[in-house]
Amino acid sequence: MKSLSRYRKHRYASPLLLVFALFMIGTTFSVASASTKESVNFARSAAIDEGKQIFLKGCSSCHGLNAEGGKIAPSLIGVGAASVDFQVGTGRMPMADMTVQAMRKKPAYTAEEVAALAVYVASLAPGPAIPGDEILTYERDGNTAQGGELFRTNCAMCHNFAGQGGALSQGKFAPTLMGVEPKEIYEALITGPQSMPVFSDKIITPAEKLSIIKWIKAAEVEPSLGGAALGRVGPVTEGLLIWTLGLGLLIGIAVWLATKAR
Amino acid sequence: MSHEVANLSDPGLPAHVHRAADSDPKAEKKAERQVATLFGLSAVGTILFIVSYIYIPLDLFIFVPILGSTNAHQLSLGLGLAISLLCIGLGAVHWAKTLMPDNEVIAQRHEFRSPESERKEFVAAAKEGANAAGLGRRSLIKRSLGLSLGLVGLSPLLLLRDLGPLPGKELEKTSWKTGTRLVTDPGNRPIKPSDLEVGAVAQVLPQLNPDEERTLNNIGKDAVLLIRLRVEDFQLSPERLAWTHEGIIAFSKICSHMGCAVALYEQQTKHLLCPCHQSTFDVPRAAKVIFGPAARPLPQLAITVDTEGYLVAQKPFTEPVGPSFWERSS
């Protein structure tokens, strides 16, 4: 060290030191950044592996060992992470029984397991991704009036004019939209789960989708100024009430009118 | 023992049973109190109506069992009015039933025909009146009166003209012409085939010229639903297959039964349902009716793309859209 320090005032000392320092910074940075990239890749492949294990145990009996689909279940290649997050995250998949429609229920998997499954299915082929909070800015970017117009043209025929859900054919039904997470609504729009068709981003733009979500959220808290809403399903409950309670009351009054006083 | 049955005699009316209030002063007092209570309740109802109109805020919501969260203002207005009106009626009926005279009176029907003397008197009076008015002599008045009475009848006949004019060929025409672009509803954006994924739908309307106006009458005939299937899913005649484009098929949304908007599309079964009477149309088979009261498939719109790659109509609808009508040619 003593011998080295002797050259500290040498005229080449500063440039050499500079070159050395630059070299050290460069190599350290490249090694460090390579290692982070590798660890991300590693975490991703670990999630894919974990997802694949869950898939093989819980899903492959119907959807096939490679998610290629079977007689009773569709192929999952290309359905994307959003579809998995919607179907498994809301408990619709795995199905409890082979009835006409997968019902919403308590999810069978934890959020982490759903995420791993989504990563695995998304790794099979590109498909719609899970919309994050940076996309679901409906409170800021949605327009309730526009959302109502879109809802009435595109959604109301199945989900009812107030988003309460409605009947389809052969026991299938469009579920209520009250209390459904904005993320789930968005995922359903872009993936078209079960009977529901897909609403592509060019047909209903992402901004318009946010407007629809904002309208649904407004409909949830809409007070019923006219009295009992009766489920907001229209003539069925209203007719039932008037035919039983209303007519019953009138018949009772008619009987009382015609009874002789004692 | 004889098996003959004696002739039944007319039993007459059952004996009249008087009410408790007719004989018992206590019962009479009780009935009186009941009627007064009902009228009193009616007054309370009116006061409730007035008080709630003035003092209950419009946006106050209260929880009511069964009804759930209910607007207190509307609820008490309705209850007040109902109590005030119903109790007047109940009180009046109860009064009549328990306290008003309870004598049964029999009144025989009189003959419909008037006595001969009255009939003669009437004819004489009518003739005398006609003579006095001079209808026979004053023919100018008689004729002008006849003219005015005759013309009065024309006014309501003229108003019948407002039932027309007849629609003529209007019911068979829509805004779709050769090359009309399909635009989103709402949004009015033209659509490229690549905008629709397999399984996707789009509610569309024809793009109108700047000088044309989008009216409800137009939308009622022009509304179209686009659906994208896999091409191999179609079971169409070669002619109808040529009306589709890359798996995209277009149908009129107006039900051929009663004209409701048919837009409930089940992606898995590929059925289109009408929400009004559950008519079900099978999309891959050119909207063939497979259930319900609809008599015809939904009219299919022939589509293709223009030079810019946007979806356009090949030609107008080849049959009238919507429900049957008297003059319908097909």
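Good morning. The contact draws 34 residues from chain B and 27 residues from chain A, where two residues count as in contact if their C-beta atoms, placed from the backbone, lie within 7 Å. On the side of chain B that touches chain A, the elements giving two or more residues are β2 (68-71), α3 (72-98), β4 (201-206), β7 (264-266) and β8 (271-273) of chain B. Helices (H or I, at least four residues) and strands (E, at least two) are DSSP runs, numbered from the N terminus. α3(B) contributes the most to that side, with five residues. By class, the side of chain B that touches chain A holds 17 nonpolar, 11 polar and six charged residues. Here Ala, Val, Leu, Ile, Met, Phe, Trp, Tyr, Cys and Pro count as nonpolar, Asp, Glu, Lys and Arg as charged, and the others, Gly among them, as polar.

This is a predicted model, in which local features need pLDDT of at least 70 and side-chain atom pairs count only at pLDDT 80 or more, while totals for chains, interfaces and linings use all residues. Residues are numbered from 1 along each chain as its sequence is written, and chains are lettered from A and ligands numbered from 1 in the order in which they are written.

I turn to chain A. The domain assignment, automatic or from a database, gives domain 1 (25-128) and domain 2 (131-227) of chain A. Their centres, taken over C-alpha atoms, are separated by 25 Å. Domain 1 of chain A and domain 2 of chain A each bring 13 residues to their contact.

Finally, an unreviewed UniProt entry annotates residues 240-259 of chain A as "transmembrane region"; such annotations may be inferred rather than shown by experiment, feature names are shortened, and positions follow the numbering used here. That span of chain A is 95% helix and 0% strand, with its end C-alpha atoms 28 Å apart.
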